[in-house]
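Hi everyone, thanks for making the time this morning. I'd like to walk you through one structure, so please have a look at it on the screen with me.

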Amino acid sequence: MTATATLAGGCFWGMQDLIRKLPGVVSTRVGYSGGTTASPTYRDICTGGTGHAEAIEITFDPERIGYRNVLELFFQIHDPTTANRQGNDIGSQYRSIIFYADAEQERVARETIADVEASGLWPGKVVTEVVPASDFWEAEDAHQDYLEKHPGGYTCHFPRPNWRLPRRDAAE
């Protein structure tokens, strides 16, 4: 049995490249979510007018990796304190969002955000949106597995060395 997580945190190329390497991740695909336009294209979402964000859909084996662990890497590899921006990428399509599939994912997302804020690992308040999952529109083939096809290609996502998210209850 597998589960699905849908996340947005800047350019989807770098997110896919790092998240796919987590043990327990079965597959990933990049696309667009959170907007109002049906079947958007990359060109459409780059205008910022569709409301979509570049997102990654992650299929994972919850027996091997928990949803919390997926979110911990998500918060390690992008800056959740910058609104509508990651690195040089600016616009609402690069905003930080957790699209939850059910009440349990929403609970875990909100707890993880509270842990991120309490940790002081990022400067400032977390601006990551937590919203119900909506339609996920798969991106064009040229965007799928982009950094595998183009090693050394553009990314604004990097694992931070020795980054470990503590739980608030562990510190109490």
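Let me start with a single residue. If we set aside neighbours within four places in sequence, Val-70 is in contact with Leu-7, Leu-22, Ile-58 and Ile-65. Please keep in mind that this is a predicted model. Val-70 sits in helix α3, and it counts as buried because its relative accessibility is 0%, where the cut-off for buried is under 20%. There is also a pairing across the sequence to point out: Val-70 and Gly-24 are 46 residues apart along the chain, yet their C-alpha atoms are 9.6 Å apart in space.

Now let's zoom out to the helix itself. How many of the residues of α3 are buried? The count is 10 of 11, so this helix is mostly covered. Besides Val-70, the buried residues include Tyr-67, Arg-68, Glu-72 and Gln-76. And what do the buried residues of α3 pack against? Their partners are the strands β1 (3-9), β3 (53-60) and β6 (96-100), together with the helices α1 and α4 (103-119).

Helix α1 covers residues 12-19 and α3 covers residues 67-77; they pack at an angle of about 135 degrees, with 11 Å between their axes. That makes α1 and α3 oblique to each other, and their crossing is right-handed. If you'd like to find the contact on screen, look for Met-15, Leu-18 and Ile-19 on the α1 side, meeting Leu-73, Phe-74 and Ile-77 on the α3 side. By class, this contact has six nonpolar residues, with no polar and no charged ones.

On to α4. The axes of α3 and α4 come within 10 Å, crossing at roughly 40 degrees. α3 and α4 are therefore oblique to each other as well, and α3 passes α4 in a right-handed crossing. From α3, the residues involved are Tyr-67, Arg-68, Leu-71 and Phe-75. Across from them in α4 are Gln-105, Val-108, Ala-109, Glu-111, Thr-112, Ile-113, Asp-115 and Val-116. The residues of this contact divide into seven nonpolar, two polar and three charged.

Let me move to the loops, with a word on backbone angles. Most residues other than glycine have a negative phi. Ser-39 has a phi near 50 degrees, a positive value in a residue that is not glycine. You'll find Ser-39 in the loop between β2 (25-33) and α2 (42-46), and it is partly exposed, with a relative accessible area of 48%. Asn-84 also has a positive phi, near 55 degrees. Asn-84 lies in the loop between α3 and β4 (85-86), and at 33% relative accessibility it counts as partly exposed.

One last stop: Gln-93, in the loop between β5 (89-90) and β6. Is Gln-93 buried or exposed? At 5% relative accessibility, Gln-93 counts as buried. A polar atom of the Gln-93 side chain lies 3.4 Å from the backbone oxygen of Cys-46. Leaving out residues up to four places away in sequence, Gln-93 touches Ile-45, Cys-46, Gly-48, His-52, Ala-53 and Glu-54.

That's my tour for today.

Conventions: Residues numbered from 1 in each chain as written. Predicted model: local features only at pLDDT ≥ 70, side-chain atom pairs only at ≥ 80, totals over all residues. Heavy atoms only, no water. Axes fitted to C-alpha atoms, helices over the stretch in contact; angles between N-to-C directions. Helix = DSSP H or I, 4+ residues; strand = E, 2+ residues; numbered from the N terminus. Parallel < 35°, antiparallel > 145°, perpendicular 65-115°, else oblique. Left-handed = near helix turned anticlockwise from the far one by under 90°. Contact = heavy atoms within 4.5 Å. Nonpolar A, V, L, I, M, F, W, Y, C, P; charged D, E, K, R; others polar. Buried < 20%, exposed > 50% of the residue type's maximum accessible area, 1.4 Å probe, protein only. Polar contact = N/O pair within 3.5 Å; in protein donor to acceptor, adjacent residues only side chain to side chain.
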